[in-house]
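Open your viewer and have the selection tool ready. We will take a short walk, one stop at a time.

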Amino acid sequence: MSAPDGSPVGAERSIGQLFASATTEMSALVHDEIALAKAQLKQDVKKGAMSGGAFSVAGGVLLFSLPMLNFALAYGIRTWSDWNLAVCFLLSFAANVLVALVLALIGVVFAKKAQKSKGPQKVAASMKETAGVLQNAKPHPRADSDTKVLEERVRNAKAIEAVARSSS
């Protein structure tokens with residue numbers, strides 16, 4: 001198993017490697033949060049499109065079916081009941097309006113679902129929470145022996161650098 005930067009887990013890593021690893025992980029986290037926001041926004045757009053589609057179908061049904069359906073239904077009611085033809089046409093129109101109202105109610109339900117969705121707001125809250133945790137994060141306290149080892153490594157690195165400069 002290895003760390004994101006390729007070094008084995010449990011091996012001593014420099015501060016630069018740790019910082020690079022943390023930066024890489026933060027970048028990946030931000031990219032994942034953005035991808036999540038996009039996915040949730042896409043779902044909200046689909047719900048809105050369903051609402052618009054239902055309203056469009058309701059209008060289309062009312063507009064295009066009225067002439068043909070009104071005549072057929074009115075003459076059918078007239079044949080079945082022997083009522084006045086005007087009353088039969090009114091009943092036919094009422095049936096078409098009822099169908100349009102049902103489709104419009106379906107559109108309202110989908111519109112409310114799209115409006116209630118809090119997808120991007122959840123992602124934004126999650127990102128703020130992550131940022132708050134990172135701002136309050138404190139480095140892990142090191143033991144005295146760890147501090148001495150680090151100081152010795154820094155001295156050795158400076159000595160090697162000085163030797164490298166003098167020999168070049």
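Here is what to select at each stop, and what is there.

This is a predicted model, where local features need pLDDT of at least 70, side-chain atom pairs count only at pLDDT 80 or more, and totals for chains, interfaces and linings use all residues. Residues are numbered from 1 along each chain as its sequence is written, and side-chain values use heavy atoms, leaving out hydrogens and water.

**The whole chain.** Start with a cartoon view: the protein chain has 4 helices and 0 strands, running α-α-α-α from the N terminus. Helices (H or I, at least four residues) and strands (E, at least two) are DSSP runs, numbered from the N terminus. Of the 168 residues, 14% are buried. Buried means under 20% relative accessible area, exposed over 50%, and partly exposed in between (1.4 Å probe, protein chains only).

**The ring cluster.** Select Phe71, Tyr75 and Phe89, which ring pairs link into a cluster. Rings of Phe, Tyr and Trp (its six-membered ring) pair if their centres lie within 6.5 Å; planes under 30 degrees apart count as stacked, over 60 as edge-to-face and the rest as tilted. The structure holds 2 such aromatic pairs. Tyr75 is in helix 1 and Phe89 in helix 2, 14 residues apart.

How accessible is each ring residue? Phe71 is partly exposed at 48% relative accessibility, as are Tyr75 at 43% and Phe89 at 24%.

**A charge over a ring.** Next, select Lys113 and Phe110: the lysine lies over the face of the ring, 5.7 Å from its centre. A charge sits over a ring if NZ of Lys or CZ of Arg is within 6 Å of the ring centre and within 35 degrees of the ring normal.

**Last stop.** Select Leu29, found in helix 1. Leu29 is partly exposed, with a relative accessible area of 31%.
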